[in-house]
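Okay, thanks for coming, everyone. I'll bring the structure up on the screen, and then we'll walk through a few charged side chains together.

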Amino acid sequence: MPLRRIALVVAALPLIATASSSAAAQAVERVRVNDNRAPGGVKLSGALAIRMEVKLAMWYPDGESRPGVQIPAFAELGTAPRVPGPLIRAPGGTDVIVVLRNSLLNQTLTVHGLHARPAIAPAGQMFTDSIVIPAGTTQQVRFRLDRPGTYFYWATTNGRPFDRRGDDSQLNGAIVVDEPGERTPRDRIFVLSMWSDTVPVSSDSVRHRQRELSAINGVAWPAPERVQYQKGDIARWRVINASADAHPMHLHGFYYRVTRRGNGMADTVLVPTTATAAAAAAFPVQHTERVAGGGTYSATFVTDKLGAWLFHCEDPAHSEARAPLGYESRNVTRAVGGLATIVEVTPADDDTTWKLPPAQPPYPARRFRMLLRPNLGSTASLPIYGIALHELGLETPPPDTGQRIGPTLVLNRSEPVSVWVVNQLPEPASLTWGVEGESIFDGVPGVSGVKPIPLPRNAPQPKTPPPPPYAPLIAPNDSFEVRLQPPRVGTFAYHAVVSPSRQISAGIVGAVVVTEKNRYDAALNIPMVISSPSDSALAEHALLLNGSASPAPLELKRGGTFRVRAMAFVVGRPDVVLELRQQDTTFAAWRPVARDGIELAATERVSMPGRVSLATGQVRDFEFLPIRVGEYRLEARTPNGTVLAVQPIRVY
Ligand SMILES: [Cu+2]
């Protein structure tokens with residue numbers, strides 16, 4: 001164990017106790033996880049009254065039997081402390097009375113967000129969003145909730161602005177204002193939070209944290225809850241990022257429509273709640289929403305596919321399996337952890353068709369083999385992995401490229417393919433594909449797949465046991481056959497699901513391009529996969545473009561229309577800016593054409609300076625028509641402008 005890690009564990013020890021070993025732990029109450037389904041408070045002559053306190057409690061974010069930590073938490077008076085805090089929910093036009101007691105010893109509480117919506121100061125007064133409550137005292141606030149939307153309140157014991165990492169980082173609660181007169185809709189509210197080392201992180205630095213716990217509604221995956229739907233249900237979600245870090249939230253299996261975006265103070269309607277389904281369909285859909293620290297969004301989608309689907313932060317720094325309480329561990333082989341949950345879609349009650357045996361699709365005519373293997377120079381501490389893609393019957397496997405990237409997988413729309421994933425890595429692996437398909441091929445080991453129905457006891461039992469219904473963790477030297485039949489053209493990505501920060505950085509990532517039959521022209525397409533180097537010292541000031549820190553120049557023939565298919569799979573950087581510049585360093589123009597694999601509407605395809613901000617998991621397509629011969633550059637930069645990688649382009 002390195003020295004600095006020992007120091008950190010020792011420093012953290014007074015805070016940590018297992019469920020049974022500490023007398024102090026038994027002296028304080030246990031936190032109850034709040035799934036935000038039951039609002040707090042009572043109706044009192046037209047107003048919503050809620051009596052709360054903040055007190056120390058033991059929080060078990062990884063599950064009741066794992067280690068816990070003592071933190072201050074909100075509680076509704078007379079009930080267990082909760083993470084997140086009690087849900088304040090009322091229809092527009094409701095007065096809310098909050099009585100809040102600070103039961104902490106010697107710690108002053110500064111509480112934000114318990115104020116009117118819209119947040120407008122009374123005439124002649126300054127707007128204040130915070131109240132200060134000294135230890136041992138109680139305050140009462142009264143405010144009016146008028147504007148429907150998703151908001152939140154939060155409190156701090158250090159008086160600092162929105163810096164949600166320390167022990168007070170779970171002092172968060174949702175505020176939801178429904179449409180006046182509306183019955184409480186069947187929606188789900190997800191509060192994202194973090195608890196981590198207090199390391200200052202600027203947008204230009206990627207400081208690695210030793211302890212980083214990320215949670216949804218107070219639990220880190222795989223502590224249970226699954227979000228349950230029946231096939232065909234309409235999911236309505238409200239996501240509140242009560243942490244200070246940005247999170248690119250990726251939903252597997254479905255495209256969703258973002259209907260509102262907000263910041264805790266205001267919530268902007270993007271798709272009117274009164275819009276008919278046909279009118280709403282005109283608004284764009286996506287699979288990844290980057291939600292800023294303190295940001296909120298609402299989303300809706302139809303749960304039209306059976307199975308278990310991951311909803312998670314795509315940044316591996318926040319959604320990779322870790323030891324309990326977010327401690328770093330090299331021995332955890334679970335694929336996913338932290339800021340993740342599972343959406344489980346089961347057959348509708350009135351659906352009888354699903355009990356029929358599934359039609360056995362014919363073996364696809366087009367078959368690939370993907371060989372995951374260590375590349376030359378790979379070591380245990382600095383792995384370099386590659387992928388040999390081999391179309392059976394057509395090619396022999398290409399040689400080791402030495403780059404940390406897999407080849408672009410080009411598929412035809414609607415054409416079924418078989419991909420044998422052969423794992424020759426020294427560690428278990430699994431891939432996810434980005435294209436819509438069956439749950440089991442989504443690749444989250446032990447999770448992705450449709451739960452089988454048990455055969456009746458008196459039914460004839462099969463002679464050979466059926467294959468396991470869930471995606472496997474592919475052991476070294478084992479393999480797994482994936483079947484894909486992409487329903488739409490577009491740009492997608494395949495990447496490692498297991499230990500993603502190590503495996504993606506090592507090279508288990510690549511583009512998937514789906515076109516109409518055999519319409520892909522490699523000379524006119526520029527897949528651009530942005531990833532992080534494995535070497536953490538290098539990762540502080542460099543990125544990889546298509547697996548290389550210094551890619552060879554691209555040669556483009558003038559007169560063509562080139563399609564840049566850009567995607568980011570970086571670790572610990574909330575945003576990467578991709579820029580297309582000319583020789584004189586001014587921006588070259590490009591035209592956005594697709595987002596997350598969905599073609600844009602004509603109104604969005606407007607020529608603009610070549611610059612886009614990408615969060616991990618986001619995919620953006622642009623068309624570039626170079627009108628003059630010369631040098632161009634695709635540059636990956638930090639939001640502050642520091643260049644991290646350059647792809648030279650020569651137009652001849
Ligand atoms: Cu995140």
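When I say polar contact, I mean a pair of N or O atoms within 3.5 Å; within protein, one must be able to donate a hydrogen and the other to accept it, and residues adjacent in sequence count only if both atoms are side-chain atoms. Keep in mind that this is a predicted model, where local features need pLDDT of at least 70, side-chain atom pairs count only at pLDDT 80 or more, and totals for chains, interfaces and linings use all residues. Residues are numbered from 1 along each chain as its sequence is written, and side-chain values use heavy atoms, with hydrogens and water left out.

So, Arg565. You'll find Arg565 in strand E37, residues 562-569 (strands, E, are DSSP runs of at least two residues, numbered from the N terminus). What does the side chain of Arg565 make a polar contact with? That would be the side chain of Asn525, at 2.8 Å. Arg565 is buried, at 6% relative accessible area; buried means under 20%, exposed over 50%, and partly exposed in between, with a 1.4 Å probe and protein chains only. Leaving out residues up to four places away in sequence, Arg565 touches several others, among them Gly490, Val513, Met528 and Asp621, where contact means heavy atoms within 4.5 Å.

Now, salt bridges. I'm counting a side-chain nitrogen of Lys or Arg within 4 Å of a carboxyl oxygen of Asp or Glu. How many does the structure hold? There are 45 salt bridges. One of them joins Arg413 and Glu516, with the closest N and O atoms 3.0 Å apart. Arg413 sits in the loop between strands E28 and E29, and Glu516 in the loop between strands E33 and E34, so this pair ties together parts that are 103 residues apart in sequence. Arg413 is partly exposed at 34%, and Glu516 is partly exposed at 34% too.

Next up, Arg483 and Glu481, whose closest N and O atoms are 2.8 Å apart in a salt bridge. Is Glu481 buried or exposed? Glu481 counts as buried, because its relative accessibility is 17%, while Arg483 is partly exposed at 23%.

Last one: Glu635 meets Arg633 in a salt bridge, 2.7 Å from N to O. Glu635 is buried at 3%, and Arg633 is partly exposed at 23%. Both belong to a network of salt bridges that also links Glu579, Arg581, Arg611 and Arg637.

Definitions and conventions: Helices (H or I, at least four residues) and strands (E, at least two) are DSSP runs, numbered from the N terminus.
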